[in-house]
Structures are given as C-alpha cells and as structure tokens.
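Biologist: Could you take me through some helices of this model, please?
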Amino acid sequence: HSKDRGRNIYHFYTEQMNHDMNRRLKIEEQLRNALKLGELEVYFQPVIEIRTRKIVGAEALLRWKNSILGQVSPDEFIPIAEQTSLIVSIGEYVIENAFSAAQKWQQTYNLQFKIAINVSPKQFRENNFVEVLNIKLEQYQIHPTSVELEITEGVLLSGDDIIETNLRSIHDIGVNIAMDDFGTGYSSLSYLRSYPFDTLKVDKSFVNDITVDPADLELVGAAVAMGHALNLTVVAEGIETEEQYHLLNELNCDYGQGYLFSKPLPQKEFEQLLAEQNFL
Ligand code: C2E
Ligand code: MG
Ligand code: MG
Ligand code: MG
C-alpha cells in the first residue's frame, strides 16, 4: 500500500512539475518574439496625492497579449524574462515607451509629472544600465527628477558592488528610487537605511485588509510613520474602496494607487482620464 501511495505522490508531483515546465517553456518561446511582433504594450496607472486626490504621476506597467497564450500576467512572464535575460531588452522597451509618453505630457501639457518604472534585478545589474538610462533621459529630454525607478529588495539581496554603484549614480543625477512591495520581504528596513531611497511603496496585501484587520491598519500606520521618519515619501498600493482611502488619509499617507482611482490604462485612455479630470 505504502508503495502505491508513494508512487502516486511521485506521479502527482512529476505531472505538476511537467505542466509547470511546459508552461514556462511555452512562455519563454513566445516571449522571445514578443518585442518583434509588437505584442508588448506599456499601460499607465495614475498615482494620486491622497490629500487632494489629484493625479501627480503614473506607474508604467507592462501588458503582453500573445497569439497562442492570450493575455499573460506580468507576475508570470516577468520572472521568466528575468531568468532568460530577455528582461534587458524588454526593460529598455518599457523605459523608451514610458519616456516617450512622459515627454509628450511634459511638452504638450507642461506637466510636472512623475513617471514610475519597475526595474528588475538583472536589468539593474547590467554594467551599462546607468549609461542607457542617461542616454534615454537625454534622448527624450526627460528631467531626471520626474523619473522614479521602482526596485524590490530582490535587487539588493545579492549585495554586489555594482548594485550600490548603480543606485548611487542614479540617485546622484536626481532620479528617484522607490522600494516596491514594502513589507513582503525579509529585511527591507535595513535596506531602507543603507541605500538612497526616496519612496516607500506599501504592498497592496497590507492595504487590502486595513478596513477589517486592525493589525494590518497598525502595520500600514507604522510603515507610514517609519517612512516619514526616514524622510521618505509613502505610497499605498491597491486602494480599492473609499473606506481604505479614508483610513490612509487619516494615517497621513502621501500618495496612492488603486482601482478606486483607475486601473492601469493604455496610453490613449490614460490621456483621456487626464483630460476628464481637468488635469491637462
Ligand atoms: P507592482 O510593481 O507592485 O505593481 C502593482 C500591481 O498592482 C500591478 O499589477 C497593478 O495593476 C496592480 N494594482 C494596482 N492597483 C490595484 C488594485 O486596486 N487592486 C489590485 N488587486 N491590484 C492593483 P500588474 O500590472 O499585474 O503587475 C504585476 C507586477 O509585475 C508588478 O507589481 C511588477 O512587479 C511587475 N511588472 C509589471 N510591469 C513591469 C515592467 O515593466 N518591468 C518589470 N521589471 N516588472 C514589471
Ligand atoms: Mg511597481
Ligand atoms: Mg508593488
Ligand atoms: Mg509586485
């Protein structure tokens, strides 16, 4: 009996693993041509000032629609892009599209606007990352202080010298650096002290339950207070209800993002949103 069970368990795991591996390989295979085929599109989600509810910026978020796999979530394809180095060219594509949009908003509407871009560990560790960033800033005439790069602590885990060098040179030219998904990792606190961060983004998993779970409300309050003590701007992710918004306002959280204000939108629709809100 135990032998049978053993075999079944073994069988179960191999099948699951096989399934995962196949999916992974399919994604990798399709992702190789995604840029060439124009399947990747940069969406924009507004960032609002909590106190005034005004749009003060946007986060660039990648979307991928493939002919075979359909819509694939960045939570699924970004880690694969990261493991295969495809992230380097994909990351440059995101920077270009985000900068090109920001240039248009800046020049056409004379906006003081912050554009936030997610940067993954491998992309950040590239020797020429800072050089590429500088070239693109120049090319699109973007002021460095209107750019924020979002990194997770995964970027910092390796402890490589290149990470610190890149962070400092980016920060020195005026580009802001945000700690994304704050609270989900291991030792974010010490990283916040030792690296030149400007912004702390509280993960949406904490924001989610602040209206029902007093412990989460305490945690978000503590994160805001700690961020402010470290002279950081605090952004809450995943605000979906007025109740959550109200509590975050009481906690003095600086900025917020979430479906309550808007989902990430294609550039055209994002521009319509700006127009509707008399922002332009
Ligand atoms: P993230 O950077 O933490 O982005 C926030 C995620 O929360 C986005 O998911 C956004 O659509 C979602 N979100 C925003 N407001 C709400 C809300 O009110 N409720 C809920 N449930 N979700 C909300 P998305 O766009 O699926 O991206 C997932 C992750 O994929 C991002 O998390 C980021 O880590 C990564 N990612 C997306 N685009 C890029 C990119 O261009 N480069 C890199 N390196 N990573 C990216
Ligand atoms: Mg982000
Ligand atoms: Mg996040
Ligand atoms: Mg995330």
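Biologist: Which residues of helix α12 are buried?
Modeller: In α12 (residues 267–276), they are Phe270, Glu271, Leu273 and Leu274; buried means under 20% relative accessible area, exposed over 50% and partly exposed in between, with a 1.4 Å probe and protein chains only. Viewed down the axis of α12, these buried residues fall within an arc of 155°, so they line one face of the helix. The arc is taken from the directions from the helix axis to the C-beta atoms.
Biologist: What does the face turned away from the buried side of α12 carry?
Modeller: The exposed residues Lys268 and Glu276 are found there.
Biologist: And what should I know about the origin of the model?
Modeller: This is a predicted model, in which local features need pLDDT of at least 70 and side-chain atom pairs count only at pLDDT 80 or more, while totals for chains, interfaces and linings use all residues. Residues are numbered from 1 along each chain as its sequence is written, and side-chain values use heavy atoms, leaving out hydrogens and water.
Biologist: Turning to α11, which residues are buried?
Modeller: Gln244, Tyr245 and Leu248 are buried in α11 (residues 242–250). They cover an arc of only 100° around the axis, which puts them on the same side of α11.
Biologist: What do the buried residues of α11 pack against?
Modeller: They pack against β1 (40–49), α9 (204–207), α10 (214–229) and β8 (233–236), where contact means heavy atoms within 4.5 Å. Helices (H or I, at least four residues) and strands (E, at least two) are DSSP runs, numbered from the N terminus.
Biologist: Which residue follows α11 with a positive phi?
Modeller: That is Asn252, with phi near 65°.

Technical notes
Chains lettered and ligands numbered in written order.
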